[in-house]
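Let's walk through a protein model together, one piece at a time.

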Amino acid sequence: MGAIYVDRHEYKHTEQYIEKMEVRDFDQNLGPLIDKCTKLGVILDFDGTLSFLAQKPALAIIPPETKRVLERLSNISDCKITVISGRSIEELQQKVGVDGITYAGNHGLEILHPDG
């Protein structure tokens, strides 16, 4: 997990860097931001994020517990989920298999929203 920090003390050219975060750092760093939000957007890549990297793309699967979390989040009206991949949108939908989310296939060239 990482976070992007911007050094605002620098002159107009700022440098961004990613600092490693542990899961336990979530409440301290992201919790206050989420507490102030009324809507949440979650954008996830399929290969290597939702599924483990596989030696052959056809072997990549989404773990059942990950699918259950996506299903639960998809039922929250103020939470919008997008899964993006280099795969075709049809293959991505088959691999993920969760209704009510947005799918972006071919690196975002194909987009299918839950409402069609």
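Strands (E, at least two residues) and helices (H or I, at least four) are DSSP runs, numbered from the N terminus.

A word on what you are looking at: this is a predicted model, in which local features need pLDDT of at least 70, side-chain atom pairs count only at pLDDT 80 or more, and totals for chains, interfaces and linings use all residues. Residues are numbered from 1 along each chain as its sequence is written, and side-chain values use heavy atoms, with hydrogens and water left out.

Now look at the neighbours of β4. Strand β3 (residues 40–45) pairs with β4 (residues 79–84) in the parallel sense over six bridges; two strands pair if DSSP finds at least two bridges between them.

How do the helices fit in? β3, helix α3 (residues 64–74) and β4 make a right-handed β-α-β unit, and β4, α4 and β5 make a right-handed one too. Right-handed means that, with the strands pointing away from the viewer, the path from the first strand over the helix to the second runs clockwise.

Which residues of helix α4 (residues 89–96) are buried? They are Ile 89, Leu 92, Lys 95 and Val 96. These residues sit on the same side of α4 because they cover an arc of only 125° around the axis, taken from the directions from the helix axis to the C-beta atoms. Their cover includes α3, β4, β5 (102–105) and β6 (110–112). After α4 comes Gly 97, with a positive phi near 65°.

Next, find the largest nonpolar core, which has 16 residues; among those touching the most other members are Phe 46, Val 83, Val 96 and Ile 101. A nonpolar core is a set of buried Ala, Val, Leu, Ile, Met, Phe, Trp, Tyr and Cys residues joined through side-chain atoms within 4.5 Å. The elements giving two or more residues to this core are β3, β4 and α4.

Finally, visit two serines. Ser 74 belongs to helix α3 and counts as buried because its relative accessibility is 17%. The side chain of Ser 74 reaches the backbone oxygen of Glu 71 at 2.7 Å. Ser 51 lies in the loop between β3 and α3, and is buried with a relative accessible area of 2%. The C-alpha atoms of Ser 51 and Lys 67 are separated by 9.9 Å, although the two residues are 16 residues apart along the chain.

Conventions
Buried < 20%, exposed > 50% of the residue type's maximum accessible area, 1.4 Å probe, protein only. Contact = heavy atoms within 4.5 Å. Polar contact = N/O pair within 3.5 Å; in protein donor to acceptor, adjacent residues only side chain to side chain.
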